[in-house]
Amino acid sequence: MNFTLTKEQEMVRTVMREFAENEVKPIAADIDETGRFPRENVEKMARYNMLGIPFPEELGGAGGDELAYAIAVEELSRVCGTTGVILSAHTSLGCWPIYKYGTEEQKQKYLIPLAKGEKLGAFALTEPNAGTDAAGQQTIAVEDGDNYILNGSKIFITNGGQADVYIVFAMTDRTKGTRGISAFIVEKDTPGFTIGKIEEKMGIRASSTAELIFQNCVIPKENLLGELGKGFKIAMTTLDGGRIGIAAQALGIAQGALDETVQYLKERKQFGRSLSKFQGLQWMIADMATEIEAARMLVYRAAYNKANGLPYNKEAAMAKLFAANTAMNVTTKCVQLHGGYGYTKDYPVERMMRDAKITEIYEGTSQVQQMVIAGHLLR
Amino acid sequence: MKIIVCLKQVPDTNEVKIDPVKGTLIREGVPSIINPDDRNALEEALKIKDKCKDTVVTVVSMGPPQADVALKEALAIGADEAILLSDRAFAGSDTWATSTAIAGAIKNIGDYDIIFCGRQAIDGDTAQVGPQIAEHLGIPQITYVEELEILDGKVRAKRALEDGYFVVESEMPVLLTAIKELNEPRYPSIKGIYKAYRENKVTVWTANDYEVDRDNLGLDGSPTEVNKSFTPPGKASEVEMLNGDAKEAARQLVVRLKERKII
């Protein structure tokens, strides 16, 4: 068993750490406060091929790998959960389904500009009445000559309103249940496609979370992604990979909170000595560091499996379940260790605790991950 | 244009701790980075390449085999090729021996218009290697460059001094040392990282691979002797209290500021 990152992955971490510290961290508190989408971060990431890390160079990517991509999300999330999820949703949910299921023409037209970062991607599965029960799609796509006519709405779409290309799921045959769902590539500014409500959220506040509305939206047939009726499978396999991204985000948030807290404990003095000298607090730090390292192993293992063509459905579910739980647990404790200061916006752990919560919810709640894992064991 | 950038791999001094007994740097477990001023030197070379596409940027470093990482990083940032001078014969070099080794390598490369160095390395802070290379090669040098213009066959550089600046022109070839004010260094791109390792354009030269005066290499070829390393006591800051009423104190303040040419 080899626990060493490759030299390339090591350098990706170094670069992502430096980039995150210099470019992302300085604005993290401000964009959290205002909820402003950090377009400049997207542009800077594009400049350094960070928006297409695991895709081959000939398809606009960086020619990197899944683990390097997970490390990138981790390092961004260490200072800013918002920027972490922008990258994760774009790469895993926006680009990957086209890479995996797209035709050559679709890859040329959509994946290349996405992976180059000239365009931003998003994934639209969730509906008001189809959350965890994603099969209950009410958006419909009706065949009409050379087109499909899309009607319905999506909610909670990450990068919604900011993205240029959306992977949208819709029922093409109601009688067939999950086999009646199909996936489409929809460009922004397609007539009949509008952005509705932008959510006000507890955390990842500068990430755009939007409602998408389709009213007689005409999608050319060549934008059907994968086979007709295979949309549900596309959605589920895409989410398997997406979970690695979110697990990496959770891992990064936890690591960021711990790093802030270690610093704080060394500086803060009470009873005439720094907090780091109190054994009760040392034990908390030790437990958190251990939990984070365990999460890291699960996340990297899932990413490694995906990179190497090994099964990763269960591994990704375990990684996300554990890392999200770790993020929530660690950030809550880190606020506690900061005392009253931790509850204020003067210290980043307050934001990190709010950012952590979503990792237990999106791209499959923790309960869904448990269902996936149990499904592997009990089938 | 042909540009050579000299860079050094150094311990990240932000992460360095001092051994309280010996007074020396504890280097174990400290990450290595490209010396910050050298990143500025490389950036300036790449800015020239951005404008003038047929520019070739070659980075040169002297160091142990592990310094390969710093050169791979330079390639990932955008350099075209890299040469690592690595040999037991170079070990223990002071600035004289280092500049001898590097200048010899540059002579062996032969064709160049500009040599960029960082002003100084954060681990030694001597600021000597750049100027010494220029002297070995017998070419002009402009140190502390904070602004650079490439003219027809010439460079015009703004040299930063403590309380002013010089604008200096020089023919090429010329050696320039960069300070951090010169530019904002770019990061390695992710694509560049994978490409750097895939193509592996780092060539290793030992002391036998090119013509160099072996008597001036390594510890034996270094005139410098380190007698003692210690942390100097901190400088006490000077505070002067201006007495008298507000008007008198303000008048005195104006005098002090004028004396220091601040106003």
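In this predicted model, helix H8 of chain A, residues 313-338, packs against helix H9 of chain A, residues 349-357, with axes that come within 9 Å and cross at roughly 160°. Angles over 145 degrees count as roughly antiparallel, and H8(A) and H9(A) are therefore roughly antiparallel to each other. Their crossing is left-handed. On the side of H8(A), the contact is formed by A:Ala327, A:Met328, A:Thr331, A:Thr332, A:Cys334, A:Val335 and A:His338. H9(A) contributes A:Val349, A:Glu350, A:Met352, A:Met353, A:Ala356 and A:Lys357. Sorted by class, the residues of this contact are eight nonpolar, three polar and two charged.

Most residues other than glycine have a negative phi. A:Glu363, however, is a residue other than glycine with a positive phi, near 55°. A residue is buried if 20 or more other C-beta atoms lie within 10 Å of its own; A:Glu363 has 31 C-beta neighbours inside 10 Å and so counts as buried.

Stepping back to the whole of chain A, the domain assignment gives domain 1 (7-120), domain 2 (122-229) and domain 3 (233-378). The C-alpha centres of domain 1 and domain 3 of chain A lie 20 Å apart. Their contact involves 23 residues from domain 1 of chain A and 24 residues from domain 3 of chain A. On the domain 1 side, the elements that give two or more residues are helix H1 (7-34), helix H3 (66-79) and helix H4 (81-101) of chain A. This side of domain 1 has eleven nonpolar, six polar and six charged residues.

Chain A also touches chain B: 15 residues of chain A are in contact with ten residues of chain B. The chain A side of this contact divides into eight nonpolar, three polar and four charged residues.

Chain B has a helix pair of its own. The axes of helix H3 (residues 95-109) and helix H4 (residues 129-137) of chain B come within 8 Å and cross at roughly 50°, which makes H3(B) oblique to H4(B). The crossing of H3(B) and H4(B) is right-handed. Among the contact residues are B:Trp96, B:Ile102 and B:Ile106 of H3(B), together with B:Val129, B:Ile133 and B:Leu137 of H4(B). In total, the contact of H3(B) with H4(B) has seven nonpolar, six polar and one charged residue.

The loop between strand E8 (114-118) and H4 of chain B holds B:Asp125. This residue other than glycine has a positive phi, near 60°. B:Asp125 is exposed, because 10 other C-beta atoms lie within 10 Å, and a residue with 12 or fewer counts as exposed.

Helix H2 of chain B, residues 68-77, is mostly covered, with nine of its ten residues buried. The buried residues of H2(B) include B:Val69, B:Leu71 and B:Leu75, and also B:Lys72 and B:Glu73. After H2(B) comes B:Gly78, which has a positive phi near 145°.

A last backbone detail concerns a peptide bond. Most peptide bonds are trans. The one joining B:Met172 and B:Pro173 is cis, with omega about 0°. B:Pro173 is placed in the loop between strand E11 (164-171) and strand E12 (174-178) of chain B.

Conventions
Residues are numbered from 1 along each chain as its sequence is written. Chains are lettered from A and ligands numbered from 1 in the order in which they are written. This is a predicted model: local features need pLDDT of at least 70, side-chain atom pairs count only at pLDDT 80 or more; totals for chains, interfaces and linings use all residues. Axes are lines fitted to C-alpha atoms, for helices over the stretch in contact, and angles run from 0 to 180 degrees between N-to-C directions. Helices (H or I, at least four residues) and strands (E, at least two) are DSSP runs, numbered from the N terminus. Angles under 35 degrees count as roughly parallel, over 145 as roughly antiparallel, 65 to 115 as roughly perpendicular and the rest as oblique. A crossing is left-handed if the near helix is turned anticlockwise from the far one by less than a right angle, and right-handed if clockwise. Two residues are in contact if their C-beta atoms, placed from the backbone, lie within 7 Å. Ala, Val, Leu, Ile, Met, Phe, Trp, Tyr, Cys and Pro count as nonpolar, Asp, Glu, Lys and Arg as charged, and the others, Gly among them, as polar. Domain bounds come from an automatic or database domain assignment.
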